[in-house]
Amino acid sequence: MHSKLMRKWGWRLSLLMILPLIVNAGPLDEAIDTQVKTDVAAQKSQENIDNLDDSTTEMLAEYRDVLRQTQSLRAYNDQLQNLVNSQQTELNSISQQLKNIETTQRDIVPLMLKMIEVLEQFISLDVPFLQEERNNRIVALKTMMGRADVALSEKYRRIMEAYQVETEYGRTIEAYQAELGQKDDDRTVDFLRIGRVSLYYLSLDGLEAGVWDQQTQQWKTLPDSYLQSIMDGLKVARKQLPPDLLVLPVNKTGGVQ
């Protein structure tokens, strides 16, 4: 009986212990469901965080790439600006040079015309050697000055070249043939020019010689004693004889001596 009583109370005791669990089954399910939802939400939040972290990393990489491009473009723009500034400076310089050229042209053209005029006057007053050649050079210079297809620099060069030729005449000796005009008696003779000091002629038969008198602007016939000296002078000028001492009359103030 005691045993039955114990079993009876034991079952009742077990029932009493299980009963709270049965009674509390509803709140427990709710707690578990809440926990599950919380875990799911936390997982989603973590996924969002992970996605956000990936997005942030990508954005950071894009930002750094854009920053590099911006720096590169800024450096390129600075270089372009320096180039533009340099070109503008060059344009300003060219513009100023063009203005100076225009001014120079206005100033130099009258100067060149004056140089040709002075050279022409000089030739007309000089010892009359190579007259046709020298006069033709003056005519060519005058014609050139009226040509638009010849650059100003070339015109100036040609004028200076003519002056250089005239200068060289004073340092050289020369032999050439040309017409000797004496009134109606035009004939071909050999001319001997010694610098600008003296100009002689010798007839082709070697029997007559003369010298230009700058004072009287006329030819003066020389004695026969000078024939050989003039012949030798012609050979020296033609490089047929080595340079040697020549005894010849020369022009001085007051006439030929």
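User: What covers the buried residues of helix 5?

Analyst: The cover includes strand 1, strand 2, strand 3 and strand 4 (209–213). Note that this is a predicted model. Covering is a matter of contact, meaning heavy atoms within 4.5 Å.

User: Which residues of helix 5 are buried?

Analyst: Helix 5 spans residues 227–237, and its buried residues are L227, S229, I230, G233, L234, V236 and A237. Just after helix 5, K239 has a positive phi of about 60°.

User: Why is D126 called buried?

Analyst: Set the value against the cut-off. The relative accessible area of D126 is 10%, and buried means under 20%. D126 therefore counts as buried. Its place is the loop between helix 2 and helix 3.

User: What does D126 touch?

Analyst: Residues up to four places away in sequence are not counted; D126 then touches R134, R196 and Q214. With R196 there is also a polar contact between side chains, at 2.7 Å.

User: What makes the D126 and R196 pair a polar contact?

Analyst: The limit for a pair of N or O atoms is 3.5 Å, and one atom must be able to donate a hydrogen and the other to accept it. The side chains are joined at 2.7 Å. The pair therefore qualifies.

User: Why is R171 called exposed?

Analyst: R171 has 56% relative accessibility. Exposed means over 50%, so R171 counts as exposed. R171 sits in the loop between helix 4 and strand 1. Its side chain makes a polar contact of 2.4 Å with the side chain of E168.

User: What makes the 13 residues a nonpolar core?

Analyst: A nonpolar core needs buried residues of the listed nonpolar types, joined through side-chain atoms within 4.5 Å. The largest such set here has 13 residues. I116, L119, L141, M144, M145 and I159 have the most contacts inside it. Helix 2 (25–125), helix 3 (131–145) and helix 4 (152–169) each give two or more residues to this core. Helix 2 supplies the largest share, six residues. Apart from this core lies another of 12 residues, among them V127, Y169, Y201 and W212.

User: Which residues is I159 in contact with, leaving aside its neighbours within four places in sequence?

Analyst: I159 is in contact with M112, M115, I116, L141, M144 and M145.

User: Why are strand 1 and strand 5 said to stand at the edges?

Analyst: The open sheet has five strands in the order 1-2-3-4-5, paired antiparallel. Strand 1 (173–180) and strand 5 (218–221) each have a single partner strand, so one side of each is left without a neighbour in the sheet. From one strand to the next, the twist averages 30°.

User: How do you know that strand 2 and strand 3 pair?

Analyst: Pairing takes at least two bridges. Strand 2 (residues 187–194) and strand 3 (residues 198–203) have six bridges, in the antiparallel sense. The pair therefore meets the criterion. V189 stands opposite S203 in strand 3.

User: How many helices and strands does the protein have?

Analyst: There are five helices and seven strands. From the N terminus, the elements run α-α-α-α-β-β-β-β-β-α-β-β. Of the 257 residues in the protein, 22% are buried.

Methods
Residues are numbered from 1 along each chain as its sequence is written. This is a predicted model: local features need pLDDT of at least 70, side-chain atom pairs count only at pLDDT 80 or more; totals for chains, interfaces and linings use all residues. Side-chain values use heavy atoms; hydrogens and water are left out. Buried means under 20% relative accessible area, exposed over 50%, partly exposed in between (1.4 Å probe, protein chains only). Helices (H or I, at least four residues) and strands (E, at least two) are DSSP runs, numbered from the N terminus. Axes are lines fitted to C-alpha atoms, for helices over the stretch in contact, and angles run from 0 to 180 degrees between N-to-C directions.
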